[in-house]
Amino acid sequence: MLDDPTCEVEGAIGELAQARGDLGVCLTDERTLRGGTKRQEFQYATAYWSPDTGAHMVKGEIEKVYSANTRDLGMPTTSETTTPDGRGSFNHFENGSVYWTQQHGARMVVDGFRDLWAAQGWESGPMGYPVSDVENTGDRKGRLQRFENAGIFATNRGGPQLVVGEIWRHYQELGRETGELGWPVSDEHVIGEGRFSEFANGNIYWSPETGAWAVLKGEIQDAWAETGHETGVLGYPVGDAHETPEGLRQNFQRGHIIVVDGEAEVVTG
């Protein structure tokens, strides 16, 4: 049990502590930091104040991430808040957010990664919660942040690109950016009931009936395009291209394409 505190709690931080009731007793007096901001430690959290953002509290695993990235994140603009689905909690900061779940821990989301995630509906959207911090891609040519159902890729030369859902899952199976498809070059496109995403060396197509499959650049993609892509006689792909004794073959809903000696043949039915 803690001894009676000798510190004082007052001002905006005092109002926050009284309103929330979950900070516990104070451990330090209020301290003035660079730029006139204030900080005070409590039994269960740390409270911060600035004239622009007001008083907010940060605690637990989120506070550990914040303490290591204070300069990048800036001051908190919310206190720790439970997410609407009850799975986790978050703090928003001036320059980013930190989200925590029991499954994935506390993850920082900043810059264009946060903007794109927010535009998709945060954790309640199709991407789900972040499962990693921003990390270098496998080819060291850019940055990636992984979410439960998506990945966001970014290079210094271009804006972030989103790969989501079943297309994201199949992209990972094919080796992501170090695989045959290479880097994503578009966000997901809607085509009727289906979807597709473009990559440097091909596309991944998805529909509810067929799932997600890649069509690589080359003879098969060219021949499929001549038939009208997914709206043509062949429909969507139902598997990736694969070698057979006859040649390279890819199956579609209503036929297949086979490449023999560099020549593609479309077979329907």
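**Entry 1. Conventions**

I count Ala, Val, Leu, Ile, Met, Phe, Trp, Tyr, Cys and Pro as nonpolar, Asp, Glu, Lys and Arg as charged, and the others, Gly among them, as polar. The model is predicted, so that local features need pLDDT of at least 70 and side-chain atom pairs count only at pLDDT 80 or more, while totals for chains, interfaces and linings use all residues. Residues are numbered from 1 along each chain as its sequence is written, and side-chain values use heavy atoms, with hydrogens and water left out.

**Entry 2. Second largest pocket**

I took a pocket as an open set of points on a 1 Å grid over the protein atoms alone, where a 1.4 Å probe fits, with protein on both sides within 12 Å along at least five of seven lines; lining residues have an atom within 4 Å of a point. The second largest pocket holds about 180 Å³, a volume being the space filled by probe spheres set on the points, which are joined across faces, edges and corners. Its lining has 5 nonpolar, 2 polar and 3 charged residues; among them are Gln 120, Pro 126, Glu 188, Arg 195 and Trp 206. I noted that β12 (158–164) and α5 (165–173) each supply at least two lining residues, and that α5 gives the most, with 3. Helices (H or I, at least four residues) and strands (E, at least two) are DSSP runs, numbered from the N terminus.

**Entry 3. Largest pocket**

I found about 330 Å³ of space in the largest pocket. By class, 4 nonpolar, 3 polar and 4 charged residues form the lining, including Arg 34, Arg 39, Arg 71 and Glu 94.

**Entry 4. Helix α6**

Just after α6, Gly 228 has a positive phi of about 105°.

**Entry 5. Gly 239**

I located Gly 239 in the loop between α6 (219–227) and β17 (242–243). Is Gly 239 buried or exposed? Gly 239 counts as buried because its relative accessibility is 13%. Leaving aside residues up to four places away in sequence, Gly 239 touches Trp 213, Ala 214, Gln 250 and Asn 251, where contact means heavy atoms within 4.5 Å. The C-alpha atom of Gly 239 is 8.7 Å from that of Gly 211, 28 residues away along the chain.

Key
Buried < 20%, exposed > 50% of the residue type's maximum accessible area, 1.4 Å probe, protein only.
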